[in-house]
Amino acid sequence: MTVLALSAAVHAFAASPSPDVKTSQYLKSLPPAQRPVFDAAQIVALASLPLSCIDHPQPLSDHPQTYLWVYDDKAHPAEAYDRNRAFYGCYDWHSAVNSTWTLLALLRQDPKMFLAPVIRQRLTEHLGKDNITGEINFFSYDQPGDAESKEFERPYGYTWLLKLYGELKSWNDPDAQKLAAHMQPLVKLLTTKYIDYLQSLPYPMRVGVHPNTALTMSFALDYTNATGDPEVKTAIHDAAVRFFGNDKNCPTAYEPSNGDFASPCLAEAMLMGRVLDQKSFVAWLDEFLPPVYSPAFKVYQSEIDTSRIKASGSNADAEDKNGLLGSKSHLIGLAFQRAADLLGIASALPPNDPRVPVFQHLADFNAQQGFQKIGDAGYLGQHWLSTYAVLYMQAQAAASQK
């Protein structure tokens, strides 16, 4: 190389902004975003949605479930299901579980809220000892070749059940402690099944819907943080390192898929921020996610289009003439999940990492989009979107305490 060429190369390198400067410039270029405020009225509104569905199972034609429906001469609901099952409303089992968690989380945040007496009554009814015994009986199947039953709600529903128990167990409230005692045998049963599932899973599920391994492992970590369960915590840590420890260059351009309610890349990054020590996580994240100022990262600053989607096939909502609302509701939920994950990733980084304010700003942007659309998907959104709004609310509260 000639002296002139070398001089030009040195000048070009010196003139190029550093990654930290590029990150700072990118932050200034982001669209404005207003952080949602969770006042008393907002909390009541979020609680009203799960309250409206936890007592109401879906008709057989809309969502056939072997869990609730008995098939003999004529299909019919299990006898006295409201007294010997705990989670039978809100369209499907996992939605009933996470809706119960939502009510509990909001009650715990404000025990004197307007709907507190009603919520306590519903929790007591659904988590009664006989109700939980019925759940234990259902999940105690042991029939050779019964693959369909063994896979029922595994892992998504399992980990929501654990998260619900963790919320109860860690709350110093007499009612909560009583209900946690009712749930403990069911939790013991499902933790054993969940550990077996993680240890036997050869590869992770990297989809943007319920089976996502990283997403469900984060829910289970919430349980271990609340209860200190060492066996589940160890199983999650070992599986996370095995599944994701060597991952690089997550394909952000593939997001979102139609009907996603989780970001595979962000869900994995958030999980690893909880599993790895800070130094190891920073090195891992540098290899896994693209630089925030790169075109590959801009998907997370883009509004999620819910207007042009393919039919999901659902007919659970009277207005859902073409089966569109299921996919639409998922894409609305994706905004909340992105926001919660971005806050979790930011919290796992050193406070002076220049990416932290970028992640926090994009979290505000995505959460704002979610709240603007939360009512756009009819019942197929109303029966579960409050849950993901509250997940974001909790992530926001945790981030503010850092």
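The following questions and answers go through a predicted model of one protein chain.

Biologist: How many helices and how many strands are in the chain?

Modeller: The chain has 402 residues, and buried residues make up 53% of them. Among contacts between residues at least 6 apart in sequence, 76% join residues at least 24 apart. As for the elements, the chain holds 18 helices and two strands.

Biologist: Which element gives the most residues to the lining of the largest pocket?

Modeller: The largest pocket holds about 960 Å³ of space. It is lined by 38 residues, and the closest to its centre are Lys 163, Asp 222, Asn 225, Arg 274 and Ala 398. The elements that give two or more residues to this lining include helix H9 (156-169), helix H11 (213-227) and helix H18 (385-400). With eight residues, the one that gives the most is H11.

Biologist: How many residues of the lining of the largest pocket are nonpolar, polar and charged?

Modeller: Lys, Asp and Arg count as charged, and Ala counts as nonpolar. Residues of these kinds are found close to the centre of the pocket, among them Lys 163 and Ala 398. Over the whole lining, the division is 19 nonpolar, eleven polar and eight charged.

Biologist: By class, what residues are in the lining of the second largest cavity?

Modeller: By class, the count is seven nonpolar, one polar and three charged residues.

Biologist: Is the aromatic pair of Trp 384 and Tyr 388 stacked or edge-to-face?

Modeller: A pair of aromatic rings is described by the distance of the centres and the angle of the planes. The count of such pairs comes to 28. For Trp 384 and Tyr 388, which are both buried, the centres are 5.2 Å apart and the planes are at 80 degrees. Planes over 60 degrees apart count as edge-to-face, so this pair is edge-to-face.

Biologist: Which charged residue sits over the ring of Tyr 67?

Modeller: Tyr 67 belongs to an aromatic cluster with Phe 87, Trp 93, Phe 138, Phe 139, Phe 152 and Tyr 158. A charged end sits over the Tyr 67 ring, 4.8 Å from its centre. That charged end belongs to Arg 85.

Biologist: Is Ser 386 buried or exposed?

Modeller: Ser 386 is placed in helix H18. Leaving aside neighbours within four places in sequence, its contacts are Leu 46, Leu 49, Pro 50 and Thr 102. The relative accessible area of Ser 386 is 2%. Buried means under 20%, so Ser 386 is buried.

Biologist: Which residues is Ala 399 in contact with, leaving aside its neighbours within four places in sequence?

Modeller: Ala 399 also lies in helix H18, and it is buried, with a relative accessible area of 19%. Its C-alpha atom is 9.8 Å from that of Ala 348, which is 51 residues away along the chain. Leaving aside the neighbours within four places, Ala 399 is in contact with Leu 343 and Ser 347.

Biologist: What is omega for the cis peptide bond from Arg 154 to Pro 155?

Modeller: Most residues other than glycine have a negative phi, and most peptide bonds are trans. The loop between helix H8 (147-150) and H9 holds Pro 155. Glu 153 lies in the loop between H8 and H9, and its phi is positive, about 60 degrees. The bond from Arg 154 to Pro 155 is cis, with omega near 10 degrees.

Biologist: What is phi of Tyr 91?

Modeller: Tyr 91 is in the loop between helix H4 (81-84) and H5. It is buried, with a relative accessible area of 15%. Its phi is positive although Tyr 91 is not a glycine, with a value near 80 degrees.

Notes:
Residues are numbered from 1 along each chain as its sequence is written. This is a predicted model: local features need pLDDT of at least 70, side-chain atom pairs count only at pLDDT 80 or more; totals for chains, interfaces and linings use all residues. Side-chain values use heavy atoms; hydrogens and water are left out. Rings of Phe, Tyr and Trp (its six-membered ring) pair if their centres lie within 6.5 Å; planes under 30 degrees apart count as stacked, over 60 as edge-to-face and the rest as tilted. Buried means under 20% relative accessible area, exposed over 50%, partly exposed in between (1.4 Å probe, protein chains only). A charge sits over a ring if NZ of Lys or CZ of Arg is within 6 Å of the ring centre and within 35 degrees of the ring normal. Helices (H or I, at least four residues) and strands (E, at least two) are DSSP runs, numbered from the N terminus. Contact means heavy atoms within 4.5 Å. On a 1 Å grid over the protein atoms alone, a cavity is a set of points where a 1.4 Å probe fits but cannot get out, and a pocket is an open set with protein on both sides within 12 Å along at least five of seven lines; lining residues have an atom within 4 Å of a point. Grid points are joined across faces, edges and corners, and a volume is the space filled by probe spheres set on the points.
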